Amino acid sequence: MVHLGPEKLSLLEEKAYMIRRLSVEMITWGQWGHIGGAFSLAEILAVLYFHEMRTDPRNPKAEGRDRLVLSKAHGSPALYAALALAGFFPVERIYTYCEPGGLEGHTNPHGAPGVETAGGPLGMGLSVAVGMALGLRRKENPRSRVFCILGDGELAEGNVWEAAMSAAHYHLDNLVAVVDYNKVQAKGFVWDEMNIEPLADKWRSFGWNVIQLDGHDLEAVAEGFYRARWIEANGR
């Protein structure tokens, strides 16, 4: 069991709070954005950028870095907030959100340091992440990992499952997919638009190890990433 300790837990709580606060400021300033999709990412991104991932804000393209693919790219305010708090660019830049030449409503790798991929069409991110993970494997880079955050609504896209099958085929245990299962999408509840249950069993049937946890519990999220890296890294 991962115990973050009081200082680290306090730090992550502060970062999660600030990710939400800056997301609200961005969406209010830009008068556009998906506040629910951003809020549901706060603890996940706090743990990734301030505990789990190896990144260097001074050298965002360092070869040995971990990569994050935000497949649910409409959650970009939360990602921009995390990157700004981590020092990739000044916090003041969030006020360019949805402005010409500023931070884009959906992610753009040319729009801000630390953003790895373009986003917009849902269902594409896991395919990109599989390509990254396979590329790292073929470059004989055993340490770098790829994290892909998917929304639950986009799991209705068939491309997600083609990518999941490919990841299992190539035994990409340097890839971690996170399903942000908040159960709500743009026009209603996920189970009304397209029922995706039994979700955990679906991923298992496609050859994945599955770890289920409360995405707003910082210690549980940290434990999940620890297990994925050190305990269940068995080619799945």
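This is a predicted model: local features need pLDDT of at least 70, side-chain atom pairs count only at pLDDT 80 or more; totals for chains, interfaces and linings use all residues.
A pocket is defined on a 1 Å grid over the protein atoms alone, as an open set of points where a 1.4 Å probe fits, with protein on both sides within 12 Å along at least five of seven lines; its lining residues have an atom within 4 Å of a point. The volume is the space filled by probe spheres set on the points, which are joined across faces, edges and corners. The lining of the largest pocket comprises 31 residues, of which A177, V178, V179, I211 and Q212 are the closest to its centre. Strand β3 provides the largest share of this lining, six residues. Strands are DSSP runs of E with at least two residues, and helices are runs of H or I with at least four, numbered from the N terminus.

The volume of the second largest pocket is about 320 Å³. Its 16 lining residues include H34, H74, V184, Q185 and A186, the closest to its centre. The most lining residues, three, come from α2.

E43 lies in helix α3, spanning residues 42–52.

Residues are numbered from 1 along each chain as its sequence is written. Local features need pLDDT of at least 70 and side-chain atom pairs pLDDT 80 or more, whereas totals for chains, interfaces and linings use all residues, and side-chain values use heavy atoms, with hydrogens and water left out.
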